[in-house]
Each structure stands twice: as C-alpha cells, then as structure tokens.
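Here's a quick briefing to read with the model open beside you. Take a look first, then work through the points.

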Amino acid sequence: MRLFVTPASPWVRRVRVSILELGLEDRFEFVQTKWPHSWGTRTVAHPADFVEATPAQRIPALVTSDFSLTDSHSICDYINGELGGYRLLAREGAARWRALSDISVAGVIIEAQILRRAELLRSERERSTDFLGKMRERTLRCFAALEMRVPERNSVFDLAQITTAVACRYESWRYGDDWRDVAPKLAAWSDGVAERPSMKATEPAETPQS
Ligand SMILES: N[C@@H](CCC(=O)N[C@@H](CS)C(=O)NCC(=O)O)C(=O)O
C-alpha cells in the first residue's frame, strides 16, 4: 500500500502514529510529497501518481491494490478496523461514541490550524485578520473543551488520544504555547505522550517545497 505524506501535516501524522501504534509500518510504502507555499491559494503541480491517487490532491492519501482513500478519517477507519482489529477505536457502543466526540473536537482544531496556515501563506495585503482571529478563537474554545476531558493516566493511546495529541503538538510547533493557558492539564498530558516512540518518530518538520 502506498501512503502519500508530508512531515508537516497533522492529518498525516494521526495516520502515521496510528500505523506505528499498531505495528503496521511494514505494510506501507511512504511516498513523500512536495508543496510550494502557493498551495494555500492555488492548485499546484504534482507527479502523476499523486494526481491519480486523489482527486482532492491533499494528503494523506492511501492507495491499495483495490481502492484508494483520500482523507485521514477513512484511512484511520481502514487501518483500525481492517488491519488493527479495532484496537484504536471501538467498533460500536458507548466507547466508540465517546471517542468520536473527542476526535471530532480535536479534528476541528486541526482543521482550523490548517486553514490558519493557508491564510498566513497569503501576502500580508490579502490576509484576513478577522478570519485568523476566528480560527484562533475556535481553536482555543476547542482546547478548553478538551481540558474538561483529559485522558486518564495509563489509559489506551487510542485514536481519540492520538488525534488530540497531534492537535496539541501542532499548535505549539506552528503557533506557540498560548493554548497552554486555557488547557494546562491537557498540555501536561500532551508533554507525556509526546515521549511515546510513535510520537517521537513523527515530530513535525517543514514540508519540502520542491
Ligand atoms: N479532512 C482531510 C484534510 C486533509 C488536508 O487538508 N490536508 C492538507 C495538509 S495538512 C493538504 O493536503 N492541503 C493541501 C491543499 O489543500 O491543497 C483529512 O482528514 O485528511
């Protein structure tokens, strides 16, 4: 299976951490993609294999011998259910919905982080301060909500925790540590899980531009 990736993307990171937590890395070929900074506002040129893999032309994208999946949610669903025996997210029942409740909030944070990044890649003249403020406020509201449900010590590092940890670490990497003031317990928890080998192996780095 081919997984199209970049080291900066938090959407990619939640997939890569899931793969590592399940010990499935040998099943994947990781294909590095390149992104000029114009990606924030324009369609950029990509190699044919990536264009074929995903009509969205976004990462992560997974190509198997039977089908392709073009977002992290469907890819995590496949990895967890089909390859991972539902070890990262329960198949049904209350535990599933509790986890999805956290995943949806952490996912909103990641979505806002990436929208903010794309806006910041515009020229200063084009950039909307209002939009950046709205994304920042949404992010902080969602971190405050996750502060109310910090995972218990030594609980399973499941897809909800993975997605939350990725959102926390991306925020610090791109935008600094202000969020820690609204979510101090979550921040301390994220410092702990950042030491896991799966998180260490996927620390964010700038995406190659060419
Ligand atoms: N909801 C999608 C979002 C994927 C996404 O937005 N990926 C970003 C990188 S973090 C991307 O490929 N952006 C390029 C573009 O929008 O052209 C997912 O879960 O995978």
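Which residue just after α3 takes a positive phi? That's G85, with a phi of about 60 degrees. Keep in mind that this is a predicted model, where local features need pLDDT of at least 70, side-chain atom pairs count only at pLDDT 80 or more, and totals for chains, interfaces and linings use all residues. Residues are numbered from 1 along each chain as its sequence is written.

**Helix α3**
- α3 covers residues 72-83 (helices are DSSP runs of H or I, at least four residues, and strands are runs of E, at least two, numbered from the N terminus).
- The buried residues of α3 pack against α1 (10-21), β3 (61-63), β4 (68-69) and α6 (159-175).

**The largest nonpolar core**
- This core has 41 residues, and I109, I110, F143, L159, V166 and A167 touch the most other members; a nonpolar core is a set of buried Ala, Val, Leu, Ile, Met, Phe, Trp, Tyr and Cys residues joined through C-beta atoms within 7 Å.
- α6 gives the most to this core, with eight residues.
- Setting aside neighbours within four places in sequence, I110 is in contact with P10, W11, V166, A167 and Y170 (contact means C-beta atoms, placed from the backbone, within 7 Å).

Key: A residue is buried if 20 or more other C-beta atoms lie within 10 Å of its own, exposed if 12 or fewer, and partly exposed in between; C-beta atoms are placed from the backbone. Two residues are in contact if their C-beta atoms, placed from the backbone, lie within 7 Å.
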